[in-house]
Amino acid sequence: MMDKHFDPKTIEDKWYGWWERTGRFKGDSSKGGKPYCVVIPPPNVTGILHMGHALNNSVQDVLVRWRRMQGYNVLWVPGTDHAGIATQNVVEKALKKEGKTRRDLGREAFIERVWDWRGQYGGTIVGQLRRLGCSCDWEHERFTMDEGLSRAVAEVFCRLYDENLVYRGNYIVNWCPRCGTALADDESEHEPNDGFLWHVRYPVADRPGEYVQVATTRPETLPGDTAVAVNPKDERYLHLHGATVLLPLSNKAIPVVADDYVEREFGTGVVKITPAHDANDFGVAQRHNLPAVNIMNGDGTMNELSGYEGLDRFECRKRIVEDLEKGGFLVKVEPYKNSVGHCYRCSTVVESRLSKQWFVRMKPLAEPAIEAVRSGRVAFTPKRYENIYFSWMEGIRDWCISRQIWWGHRIPVYTCACGHEWAAPDAPETCPACGARGEAIQQDPDVLDTWFSSWLWPFSTLGWPQRDSRDLDFYYPTADLVTAPDIIFFWVARMIMAGCKFMGREPFANVVIHGVVRDDQGRKMSKSLGNSIDPLDIIAQYSADALRFSLMQITSPGMDVYVNLDKFEIGRNFGTKIWNAARFMRMHAEKAPEVDWRAIVRDGLSLDPALLGDDDRHLLATCQRTAATVDEALGKYRFQDAALALYDFAWTQFCDWYLESAKADLYGEDAARRRQVLAIMADVFGRLLRMLHPFMPFLTEELWHQMGYANDDESIMEAPWPGPYPAADNLAWNLTEDVRRYVDAKRELITAGRALRTEAGIAPSKEIDYVVNAVDGASAERLARDAEAIRTALRAGKLDIHADAPLSGMPTATAAIGAIGIRVEGAIDVEAERKRLAEEIARQRGFLATVEAKLSNEKFVSKAPPAILDQQRARRAELLAEIARLEKMLSSLG
C-alpha cells in the first residue's frame, strides 16, 4: 500500500541519488542520434542558490527532460565560473580576519589559498542544483579555470593578439577603488543619483575682473583640469579662443579650446576638461594635444598631484568646495539629478581613470555575430530582444579585458629585457628575439576579465581547442541557451561573437530569455531590501517539485515573475492531489491484477468500443489534446501555458470529474466495465505522469514505480513522450469533437445545479430533487442516458429530464445544454428563505446607497485618487450583480 501522506524529502533523496548512480543524466556522443545540448549559465563559484537560479535552472531542466523523453541524445553541461573579482574579495575578507593581506602571502601563495577555498566551498551551489532536481551530466562538469578551459582561454587570446585584435593602450576605463581593478563598460551599472551642480569661476588670464563660469558634478577632479572648452560656434565665447584661464586654488594657467563636443545649452556653455578622469574629456585632450594629469590613486584617495594627498575622493570633494567658497570662486550650488556608475560586484561608485589596459577590438567580431541573428540562425525568444541586441552590437565599444587582481587567467603576454613582446599559450623558456632566459622574461601581471573565459563556454566545455573532440563534433552548436535579460551583453552577445570567430558558426540556435524574479510588490529580490525568498527554504517546506511547478505556472518568455509564499502552496497542493489520486487508483488496481498497467504503457491501450461511455471518450480525447498542447507550448518556450494545461487536465478533468464519475463502475457489479475503466486510468495516468515529469521529476518517478509502470531498473525519464492515439483507435473509440462538447455541456449543467444548492443554503449531504429542461429532444435523450451519473454527481433524490418544458416556481440556472432547477418544497423552509432573501437584499441596497452617495459627491470624485474611484466603481458593480442574483432567487420562490 502507498503511504497516506506524500513525503517529498524521502523521495527526493532516494531518486536523485539513484538517477546519478545509474547514469541517467549522461550524454554520450558515441551513441549518435539527434543531439540536444544545453550549457548551463555557470553560476559563480562563490554563489548560493537564489530564486533567479531556481527559475533559470528549472526552465532548463524542463527542456532537457522533455527532449530526453522525445528520444534526443541529450547533454546538459554544468559548471561554475571562477568569478575573479568576487572570489578574490571573499578570500581577502577571510585573510583580513587573520590580520593579513594578499600581499603578505605573495601571488603564488594567495592563488593557492583561493584554490583551497574553492575546494572547500566551491561545490555549494552544485549541491544545491542537485536538490532542485537538475538532470545535468555531472561527469561533464567544468570550471572556467580547469586545465581544458584555461588552454582554450590562452589559445583565444594568442590568436587575437597575433591578428592585432588585442591591443594595449592608455585609455579611460571604469575603475573600482574597492576592488582595485578596471571594469568593462557593461560591468559599471548606472543608477539614478540626486547630486549637485557646482558653478565655479575660472579667472581669465591677463584680463582682470573677467572670468568664465563652469558647472561640474565632480569638483574633486578640478586639480586635474588641463583646459576649459567651449563650442566653436558659440558666439558668446569667440573672443576667448586661444586665451588661457587660471585654475582656481592653484592659479595654474590652462588653455581655452574650441571643440564640437561642448553642448552650448549645458550650464554656461563652458566645460572643464579633465582628461585623466573623464572619457569624453580624454577624447578632447587627444584632439587638442592636452596633457592628462592623474590626481587619484587606485584606492580612491587623492595623490600628490592633487594638492589634497591622502584624502578620500569624497572627503576631498567637501574640502575643495569649502576652499572654493573661501576663495570666492564658488558661484552657486544647485540640485542635479544624474546617473552614476557602480561596480557590478561591490556597488562602489566607479571612477573614470586613465590607465594602461588590454582591450579587444570588437567591431570586426561584432559584424558576423550581427548577421547570425539577422539571418535567423540565432533566434531570440521573445523576439523583441533582438532589437536590443542589434542596438548594443551596432554601437559596440572595445572591450577592456585586463583586471588588476591575482585570481584568474593571467594574461599570456611576455616581455623580454631586450624590449621584445609576444603572446604564447605556455610560459616560454627563451625569448624568441634574443634567446634570453630566466628573469629577463616577465609575464604581464594582470589577469583577464572573468567573461573572457565565459564567452568561450559553449565550445570550450565540449573539448575545444582539442582537434579530435567527439563531443564538440556531435553536440556543437548547442540548441537552447536559457538566460535572464541582464547578461545579454555581458555573455550572450560575446558568446555569439566567439562562436562565429573561433568555430565558424553560431554557438546555439535559440536564446530563451526569462524574466526577473520579483516580489509581489514588483521589487527585484535582493538582500538589501530583505525581500528575498530562499529556494532551499521552499524546497524544505513545500518540496522541489512544488517550487519548480509553481515557478513554471507563472513563467512566460521575457515576462518578470512575481512570487510570494502562497504561489508555492499551489505546487504543493497539486502534488498532493496527484498523490491522492494515485492512492485511490492503486487501491482499485490491486483488486484487478489482470489489468497490467506496465503492459498498457508499453504496448498501448486496447479497448472494447461497446463498453466506452462519453466520459471515457472525453477523457481520452482531452488527454491527447493536452499532450499536443504541452508539446506545442514547450516548443515555443511557453512554460506557463504548458503548466496550466497540465494543471487543468490533472486536477479538473481527471481527478475532479473522471475519477468521481468512475466510482460507480469501480464499485459496481460489471466486471468487464470495471476492467475497462481501470485500463483507461492506467493509460491516461501514465501519460499524465510522463507529461508532468519535466516539471515534477521526483513525484513522477516515485509514482511511475509505485503504480507498476516500471521495473526496478527503469526510469520514467527514459519513457517515451506521449503522442496521439493511433488514427484507427481515434475512429473506433469515437473520440470526436461532438463528444467533447456534449460532456463539457453536461458538466456545466452539473456545476450550475451544485451552485443552486449552495445559493439556497442546502447542505451538500441532503438529497433534493432536480428538474432539467434540455434545449432539444436529442439533448434530453442523451442526458437521460447519463441520468444516473448526473443524479449521483448532483446528490439528487430524484432527477427529471424533459425537453421544451419551461421551469417555473423554483430556483433555476441556465447552461448551454439546458436549464436546471431545484424543487425546494420539503428541502427548505420557503417562507423563512423568502424572509432571509428580502433582508439580505435590503442590506445590500444599504451598502449600494453608501457607494452611490460617494460617487455622486463631486467633492469626493474630484479629490479621490484614481485607484480609490476605480475601487468604488467596481464595488458598485459587484453590489448591483449581487442584488440582481438575490432578487432572481426571491422571484423563483413565488
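Which side chains does a polar contact of 3.0 Å join? The legends below answer this. This is a predicted model, in which local features need pLDDT of at least 70, side-chain atom pairs count only at pLDDT 80 or more, and totals for chains, interfaces and linings use all residues. Residues are numbered from 1 along each chain as its sequence is written, and side-chain values use heavy atoms, with hydrogens and water left out.

**View 1. Arginine 65 in helix H2.** Arginine 65 sits in H2, residues 51-69. Helices here are DSSP runs (H or I, at least four residues), numbered from the N terminus. Arginine 65 has 0% relative accessibility, so it counts as buried (under 20% relative accessible area, 1.4 Å probe, protein chains only).

**View 2. Polar partners of arginine 65.** The side chains of arginine 65 and histidine 693 are joined by a polar contact of 3.0 Å. Such a contact is a pair of N or O atoms within 3.5 Å; within protein, one must be able to donate a hydrogen and the other to accept it, and residues adjacent in sequence count only if both atoms are side-chain atoms. A polar atom of the arginine 65 side chain also lies 2.7 Å from the backbone oxygen of glycine 133.

**View 3. Neighbours of arginine 65.** Leaving out residues up to four places away in sequence, arginine 65 touches several residues, among them Trp19, Phe25, Arg548 and Met717. Contact means heavy atoms within 4.5 Å.

Notes: Helices (H or I, at least four residues) and strands (E, at least two) are DSSP runs, numbered from the N terminus. Buried means under 20% relative accessible area, exposed over 50%, partly exposed in between (1.4 Å probe, protein chains only).
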